[in-house]
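Reader: I am new to this structure and would like a close look at one part of it. Please stay with that part and give the cut-off for each term as it comes up.

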Amino acid sequence: MDGTDRQTGGEVLERTKEKTKRPELFKVLLLNDDYTTMDFVVEVLESIFNKAPAEAYRIMMAVHTQGKGLCGVYPHEVAETKVATVIDLARDSGFPLLAAMEPE
């Protein structure tokens with residue numbers, strides 16, 4: 001043999017690398033209303049979004065003064081879960097607080 005044990009019939013064999021696609025990210029926003037207390041919004045930001053007290057206060061003030069505040073950016077499933085958790089906690093506490101998600 002002349003050292004060519006494998007014959008490809010003139011074709012070049014290539015190894016394909018699978019590219020992992022990054023998940024699409026979504027912003028989670030809290031929306032202002034006239035009934036939810038500022039303290040409750042801070043509590044939501046600290047408990048659900050793991051924000052430090054100072055950052056939670058800053059986001060709460062953005063919600064209060066600008067109508068909405070950015071809580072974080074997450075993959076779709078995580079964002080969806082956080083929105084549902086906020087709404088459930090607000091309803092259980094008697095507040096109409098809303099959270100929303102939008103593509104980044």
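Within what distance do the axes of α1 and α3 come, and at roughly what angle do they cross?

Author: The model is predicted, so local features need pLDDT of at least 70 and side-chain atom pairs count only at pLDDT 80 or more, while totals for chains, interfaces and linings use all residues. Residues are numbered from 1 along each chain as its sequence is written, and side-chain values use heavy atoms, with hydrogens and water left out.

The axes of α1 and α3 come within 11 Å and cross at roughly 140 degrees. Here an axis is a line fitted to C-alpha atoms, for helices over the stretch in contact, and the angle runs from 0 to 180 degrees between N-to-C directions. The two helices are therefore oblique to each other; under 35 degrees counts as roughly parallel, over 145 as roughly antiparallel, 65 to 115 as roughly perpendicular, and the rest as oblique. The crossing of α1 and α3 is right-handed, a term for a near helix turned clockwise from the far one by less than a right angle, with anticlockwise being left-handed. On the α1 side the contact (heavy atoms within 4.5 Å) is made by Phe40, Val44 and Ser47, and on the α3 side by Val86, Leu89 and Ala90. By class, these residues are five nonpolar, one polar and no charged. In this count Ala, Val, Leu, Ile, Met, Phe, Trp, Tyr, Cys and Pro are nonpolar, Asp, Glu, Lys and Arg are charged, and the others, Gly among them, are polar.

Helices (H or I, at least four residues) and strands (E, at least two) are DSSP runs, numbered from the N terminus.

Helix α1 also packs against α2, at an angle of about 130 degrees and with the axes 9 Å apart. That makes α1 oblique to α2. This crossing, too, is right-handed. Met38, Val41, Val42, Leu45 and Glu46 of α1 meet Pro53, Ala56, Tyr57, Ile59, Met60 and His64 of α2. The residues of this contact comprise nine nonpolar, one polar and one charged.

Next, the buried side of α1. Its buried residues are Phe40, Val41, Val42, Val44 and Leu45. Buried means under 20% relative accessible area, exposed over 50%, and partly exposed in between (1.4 Å probe, protein chains only). What covers them includes β1, α2, β2 and α3. Across the chain of 104 residues, 30% count as buried.

The largest nonpolar core has 23 residues, of which Val28, Leu30, Val44, Leu45, Phe49, Val86 and Leu97 touch the most other members. Such a core is a set of buried Ala, Val, Leu, Ile, Met, Phe, Trp, Tyr and Cys residues joined through side-chain atoms within 4.5 Å. Two or more of its residues come from each of β1 (25-31), α1 (38-47), α2 (53-66), β2 (68-75) and α3 (76-92). The most come from α1, which gives five.

Apart from neighbours within four places in sequence, Leu45 is in contact with Leu30, Asn50, Lys51, Ala56, Ile59, Met60 and Cys71. Lys51 is buried, with a relative accessible area of 18%. Not counting residues up to four places away in sequence, Lys51 touches Leu45, Glu46, Ala56, Ile59 and Cys71. Asn50 counts as exposed, at 64% relative accessibility. Asn50 has a positive phi of about 55 degrees although it is not a glycine. Most residues other than glycine have a negative phi.

The core also takes in Val28, which is found in strand β1. Val28 counts as buried, at 0% relative accessibility. Leaving aside neighbours within four places in sequence, its contacts include Phe49, Cys71, Gly72 and Val83. Of these, Gly72 is in strand β2 and is buried, with a relative accessible area of 11%. The C-alpha atoms of Gly72 and Asn50, 22 residues apart along the chain, are separated by 10.0 Å.
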